[in-house]
Amino acid sequence: MFIWTCCDINPRFAEYREKVKELNAELKLSEAALALPQHVSLKISFELDEALAKHCMKDIVEHLKTAKPFTAKVADLELRDGLIWLRMEENEQFKELHAELDEIAKSYAVKPHELDKQFIFHSTVITDENAEKLAEAFEKIKVIPYPDELKINTFLVGYSDDGVSYKVARRIKVK
């Protein structure tokens, strides 16, 4: 079982996401990025056997309940490695959350993923294996305005049996 953690920013992106869905359909792109709520990833998903994964998710949920709301800013829209994402400005809250999630994973003998070592906080908008279509989507999406400042007060913890299709298991709203 794979575990996934993030900040839920979907409510602020409802209008933007509708335009992305239209563009996605127009260009017949993969719908993988649209299968989950719009979110800022906090750590690369990682795999554990099911029994350990349930305990680990519980530890993650308990930790996220202690987080305080914070503000995050979008740095830029970027095209990279088969996806279009909104790169977030790194801040202390993101770095602390990432470090704590890494520590929780390590306590379950999970080795940090290479991408976790210099993690880039981001929100994936579109993903597709066709580089030409993705480049075309990037040109079209650049003109669609998106929120540039976000209040982060909700976290999601999810899982996947195959590492591809993820489901939200818990939503944690903090005050």
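Author: In strand S8 (residues 154–160), the bridge partner of Phe 2 is Ser 160. This is a predicted model, in which local features need pLDDT of at least 70 and side-chain atom pairs count only at pLDDT 80 or more, while totals for chains, interfaces and linings use all residues. Residues are numbered from 1 along each chain as its sequence is written, and side-chain values use heavy atoms, with hydrogens and water left out.

Phe 2 belongs to strand S1 (residues 2–8), strands being DSSP runs of E with at least two residues and helices runs of H or I with at least four, numbered from the N terminus. S1 and S8 are antiparallel and share six bridges; two strands count as paired if DSSP finds at least two bridges between them. Further along this pairing, Trp 4 stands opposite Gly 158.

Phe 2 also has a bridge partner in S3, namely Glu 47. S3 (residues 46–47) pairs with S1 over two bridges, in the antiparallel sense. A further antiparallel partner of S1 is strand S2 (residues 39–41), joined to it by three bridges; here Cys 6 has Ser 41 as its bridge partner.

How enclosed is S1? Seven of its seven residues are buried, so the strand is largely enclosed by the rest of the structure. Buried means under 20% relative accessible area and exposed over 50%, with partly exposed in between (1.4 Å probe, protein chains only). S8 is mostly covered as well, with six of its seven residues buried.

S8 in turn is joined by six bridges to strand S9 (residues 167–173), and these two strands run antiparallel.

Two nonpolar cores may now be considered. Such a core is a set of buried Ala, Val, Leu, Ile, Met, Phe, Trp, Tyr and Cys residues joined through side-chain atoms within 4.5 Å. The largest has 52 residues, and those with the most contacts inside it are Ile 60, Ile 84, Phe 94, Ile 126, Ile 141 and Phe 155. Helix H2 (residues 50–64) supplies the largest share of this core, six residues. Apart from it lies another core, of six residues, which includes Trp 4, Cys 6, Leu 36 and Tyr 166. Beyond its neighbours within four places in sequence, Phe 94 is in contact (heavy atoms within 4.5 Å) with Cys 7, Val 40, Leu 42, Phe 70, Ala 72, Met 88, Glu 89 and Phe 121.

Lys 28, which follows H1, has a positive phi near 55°.

Taken whole, the chain has five helices and nine strands, and 49% of its 175 residues count as buried.
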